Amino acid sequence: MTNSTLSVQSLTKRFKGNIAVDRVSFELKPGERVALLGHNGAGKTTLFKMVLGFLRRDSGDVSVLGCAPGSNPARQGTAYLPESVAFSSALTGEEVIRFYARLKGEPSARSLELLEQVGLADASKRRVGTYSKGMRQRLGLAQALIGNPKLVLLDEPTTGLDPISRQNVYQLIGEIAQKGATVLLSSHALTELEARTDRILILSKGQLVADDELGKLRAQAGLPIRLKVWTKPGAAQEVAAQLGAGRMNGRSVELDCGTDDKVRKLSAISALGNLVEDVDVHPPSLDDVYRHFSNTVQKEA
C-alpha cells in the first residue's frame, strides 16, 4: 500500500534448511511506534537485516518507503541502531556525530543537537573510549537519528541504560513518531513497552503469531483480569466469603475475572460498603500476553 512506510509480505528466510523467518506479513504506517517481540532466535534480527537489505530473502516481498531494501532511497530514509554499537574509541562524541552527519549529507550543527537530546551534551568533548556502555548506546541513538529518517529500526535501544536514560529514550522515540517517523523496536524489557508503543508484533519460531494493539491482544488471549480488594482491618475473611472466592493475603483479597464479568464483580465489591477501602484492577500485562501467544505456537509445533 502506498501509505505504508514498511510493507512485508510472506517474507521467508532459511539457513541450511532451518526456517528463520516463516511467511511473515505486516505493514507499518507513518507515525506508528511498534514493538517487535520474540525469544532469542525467533527471527527478529534476521527480519531487521532483510528490511535493511543486508540479507537476501528466499521468498516474499519487502518494500521500504515504496522502494527495494538496500536501495539508495530506502537507505537514505532508514535509520538503524543495533543492540551493540561500536565507535572509534579515539574520537569524541562530537567528532562521531560530525563524521556521520557528513556521510549523510546533513548539517553538523543541527546533528549535534541530538547529543543534547540523548543527554550527552556535557560529554561531547570526551573520547568515546571513556564512555560507559549506556553512553555509547545513547551516542548510537543520536547518530541513527541524523537526517530525520522516516523509518527507524531499534534493536534493544535501552540496553545498559539507567531508568532516567530509558525514559529519555522513549520520550525521544515519541517525539520522532509525532513528526511522522515509523519506529520499529525490538526489546526484551516488556514492562517498559506497555504504555510506550502503539502496536505489538510477536514472533515465535519465525512465525508472526500476533499483530495488534495491546488491548485487542488482551481480548484475543482471553486472559483473566486480577482484582485486588483492600479491606478494612480484620475484614478480609468476611469479604472473601461475601465474594464467594478469592485468595486472602493479610488485608487484601485477590480474585480473577473475565473481561465480560468485570463490571459485575466490581458492583459486588462496591456493595460491600465500608468493608472495602480500595480496589486495584490489574489487566493482563504485556508479559502475560507475550507468554500466551508464544506458548500457543509452541504447543501447536
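Which residues do ring pairs link into a cluster? Select Phe 48, Phe 54 and Tyr 80: ring pairs join these three. Rings of Phe, Tyr and Trp (its six-membered ring) pair if their centres lie within 6.5 Å; planes under 30 degrees apart count as stacked, over 60 as edge-to-face and the rest as tilted.

Before moving on, some ground rules. This is a predicted model, in which local features need pLDDT of at least 70 and side-chain atom pairs count only at pLDDT 80 or more, while totals for chains, interfaces and linings use all residues. Residues are numbered from 1 along each chain as its sequence is written, and side-chain values use heavy atoms, with hydrogens and water left out.

**Stop 1**

By the ring rule, the count comes to four aromatic pairs. Select Phe 87 and Tyr 100. Their ring centres are 6.0 Å apart and their planes stand at 80°, so this pair is edge-to-face. The pair links distant parts of the chain, 13 residues apart. Phe 87 sits in the loop between strand E5 (78-81) and helix H3 (93-103), and Tyr 100 is in helix H3. Helices (H or I, at least four residues) and strands (E, at least two) are DSSP runs, numbered from the N terminus.

Colour by accessibility here. Buried means under 20% relative accessible area, exposed over 50%, and partly exposed in between (1.4 Å probe, protein chains only). Phe 87 is buried, at 17%. Tyr 100 is partly exposed, at 23%.

Phe 99 counts as partly exposed, with 38% relative accessibility.

**Stop 2: the nonpolar cores**

A nonpolar core is a set of buried Ala, Val, Leu, Ile, Met, Phe, Trp, Tyr and Cys residues joined through side-chain atoms within 4.5 Å. The largest one has 48 residues. Select Leu 37 and Leu 139, which have the most contacts inside this core. Contact means heavy atoms within 4.5 Å. Not counting residues up to four places away in sequence, Leu 139 touches Phe 87, Gly 93, Val 96, Ile 97, Leu 115, Leu 120, Val 128 and Tyr 131.

**Stop 3**

Select Cys 67: it is partly exposed, at 24% relative accessible area. Select Cys 257: it is buried, at 5%.

**Stop 4: helix H7**

Go to residues 214-221, which make up helix H7. Its buried residues are Leu 214, Leu 217 and Ala 221. They cover an arc of only 60° around the axis, so they lie on the same side of H7. The arc is that of the directions from the helix axis to the C-beta atoms. An α-helix has 3.6 residues a turn, so residues three or four places apart point the same way. Step just past H7 to Gly 222, which takes a positive phi of about 65°.

**Stop 5**

Most residues other than glycine have a negative phi. Select Ser 10, in strand E1 (residues 6-15). Its phi is positive, near 50°. Ser 10 is partly exposed, at 39% relative accessibility.

Next, Glu 156. Look in the loop between strand E6 (151-155) and helix H6 (163-178). Glu 156 has a positive phi of about 50°. Is Glu 156 buried or exposed? Glu 156 counts as buried, at 7% relative accessibility.

**Stop 6: Ser 4**

Select Ser 4, in the segment before E1. Ser 4 is buried, at 8% relative accessibility. Show its polar contacts: pairs of N or O atoms within 3.5 Å, where, within protein, one must be able to donate a hydrogen and the other to accept it, and residues adjacent in sequence count only if both atoms are side-chain atoms. The side chain of Ser 4 makes one with the side chain of Glu 27, at 2.7 Å. Another, of 3.4 Å, joins the side chains of Ser 4 and Lys 29. Leaving aside neighbours within four places in sequence, Ser 4 is in contact with Glu 27, Leu 28 and Lys 29.

**Stop 7: Arg 56**

Finish at Arg 56, in the loop between helix H1 (44-52) and strand E4 (59-64). Arg 56 is exposed, at 74% relative accessibility. Beyond its neighbours within four places in sequence, Arg 56 is in contact with Lys 13 and Met 50.
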